[in-house]
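Subject: Structure handover

Hello,

Here is the structure for your files. My notes on it follow below.

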Amino acid sequence: MSVDVKYTTQATANGGRDGRAQTQDGSLDVKLSTPKELGGAGGAGNNPEQLFAAGYAACFLGAMKFVGGQEKIAVPADTTVTAKVGIGPRSEGGFGITTDLTISLPGLDKATAETLVEKAHQVCPYSNATRGNVDVGLTIA
């Protein structure tokens with residue numbers, strides 16, 4: 001499958017889970033720390049799972065707005081997407097992640113919300129990147 005790339009960005013990490021990550025333009029510069037649950041010290045700093053959760057939540061909300069525009073569905077201004085990302089050992093070896101998205105669409109009826117979420121899941125770049133590789137749960141709150 002080819003992609004007609006419209007935007008490219010770049011980030012560099014050093015020090016692994018206890019280092020730093022920053023974008024080339026400097027707009028994002030985060031200290032990284034390993035959670036205690038993964039054998040780290042915890043403390044100040046973010047981890048890759050938090051960054052993935054934030055990115056997926058924002059991207060999925062953008063996909064809902066895109067679909068809403070195409071389908072003439074007004075996405076409420078107070079819509080939220082919460083991404084819960086888990087990490088752990090895989091039965092096949094190595095590590096894997098899971099993701100659950102909880103979507104709040106205040107004021108939309110259930111059928112419209114379900115249609116919007118399902119169509120957004122088909123166009124969202126994060127959903128397309130994870131499909132077949134990561135278990136993604138979708139819950140409408």
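At 29% relative accessibility, Tyr-126 counts as partly exposed, because that class lies between buried (under 20% relative accessible area) and exposed (over 50%), with a 1.4 Å probe and protein chains only. This is a predicted model, in which local features need pLDDT of at least 70 and side-chain atom pairs count only at pLDDT 80 or more, while totals for chains, interfaces and linings use all residues. Residues are numbered from 1 along each chain as its sequence is written, and side-chain values use heavy atoms, without hydrogens and water.

Aromatic pairs: the structure holds three (rings of Phe, Tyr and Trp, the last by its six-membered ring, with centres within 6.5 Å; planes under 30 degrees apart are stacked, over 60 edge-to-face, the rest tilted). One of them is the tilted pair of Phe-52 and Tyr-126, at 5.6 Å centre to centre and 45 degrees between the planes. Phe-52 lies in helix H1 and Tyr-126 in helix H3 (residues 125-130), so the pair, 74 residues apart, links distant parts of the chain (helices are DSSP runs of H or I with at least four residues, strands runs of E with at least two, numbered from the N terminus). Phe-52, Tyr-126 and Tyr-56 make up one aromatic cluster.

Sheet: three strands form an open sheet in the order S1-S2-S3, paired antiparallel (pairing takes at least two DSSP bridges between two strands). Strand S1 (11-14) and S3 are the edge strands, each pairing on one side only. S1 is joined to strand S2 (residues 20-23) by four bridges, and Ala-13 has Ala-21 in S2 as its bridge partner.

Regards
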